[in-house]
Amino acid sequence: MGAWFTGRNVTPDREWQTRSQVVVADEGRAFRWSVGPGRVHWTYSVEEAEGGTLLTESWDFLPEGQAFFDEKYGDQAAEQVAERTAAARAGIPETLAAIKKVIEA
């Protein structure tokens, strides 16, 4: 816990990097990191499930993240947040499917 890393993100429209800090590293249960830090928390949680394991990915857009978007994008902040929210909602199932494919290979 507390380790820092640089995340690399790629979409068809752009590529960017983020600085993040690990805030939870509970082996076999959860891994959470804070982007910014303090702007967004991303979490992978693991639970036993009938016939296997349930992996859940989630994210929380924090007040500091909203303030960052307000400052950076001004009147366009709400639109930018909505775009990021839509991207996360679309991307999470894609990411989980890719992880499942790798694990089951």
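How many nonpolar, polar and charged residues does the lining of the largest pocket have? The views below take up this question and others, using a predicted model.

**View 1. The lining of the largest pocket, by class.**
The lining has 17 nonpolar, 10 polar and 10 charged residues. It is made of 37 residues. N9, R14, W16, W42 and R84 lie nearest the centre of this pocket. Its volume is about 1200 Å³. Rolling a probe the size of a water molecule over the atoms shows where empty space is left.

**View 2. The elements around the largest pocket.**
Strands and helices both take part here. Two or more lining residues come from each of β1 (4-10), β2 (15-26), β3, β4, β5 (52-61), α1 (63-73) and α2. Which element gives the most? α2 does, with nine residues.

**View 3. The second largest pocket.**
This pocket has a volume of about 210 Å³. Its lining consists of G52, T53, L54, L55, L96, I99, K100, I103 and E104. By class, five are nonpolar, two polar and two charged.

**View 4. The largest nonpolar core.**
Eight residues make up this core: W33, V35, V40, W42, Y44, W59, A88 and I92. The largest share, three residues, belongs to β4. In soluble globular proteins, nonpolar side chains tend to be buried together.

**View 5. A88 and its contacts.**
A88 is one of the core residues. What does A88 touch, leaving out residues up to four places away in sequence? Its contacts are W42, W59 and P93. W42 and W59 also belong to the core. W42 has a further place in the model, as one of the residues nearest the centre of the largest pocket.

**View 6. The hairpin of β1 and β2.**
These two strands run antiparallel, joined by seven bridges. Four residues lie between them. V10 stands opposite E15 in β2. In a regular strand the side chains alternate between the two faces of the sheet.

**View 7. The hairpin of β2 and β3.**
β2 also pairs with β3. Six bridges join these strands, which run antiparallel. D26 has A30, in β3, as its bridge partner. Three residues lie between the strands. In this hairpin, G28 takes a positive phi near 80°.

Terms used
Residues numbered from 1 in each chain as written. Predicted model: local features only at pLDDT ≥ 70, side-chain atom pairs only at ≥ 80, totals over all residues. Heavy atoms only, no water. Core = buried A, V, L, I, M, F, W, Y, C linked by side-chain atoms within 4.5 Å. Buried < 20%, exposed > 50% of the residue type's maximum accessible area, 1.4 Å probe, protein only. Contact = heavy atoms within 4.5 Å. 1 Å grid on protein atoms, 1.4 Å probe; cavity = no way out; pocket = protein on both sides within 12 Å on 5 of 7 lines; lining within 4 Å. Points joined across faces, edges and corners; volume = space filled by probe spheres on them. Nonpolar A, V, L, I, M, F, W, Y, C, P; charged D, E, K, R; others polar. Pairing = 2+ DSSP bridges.
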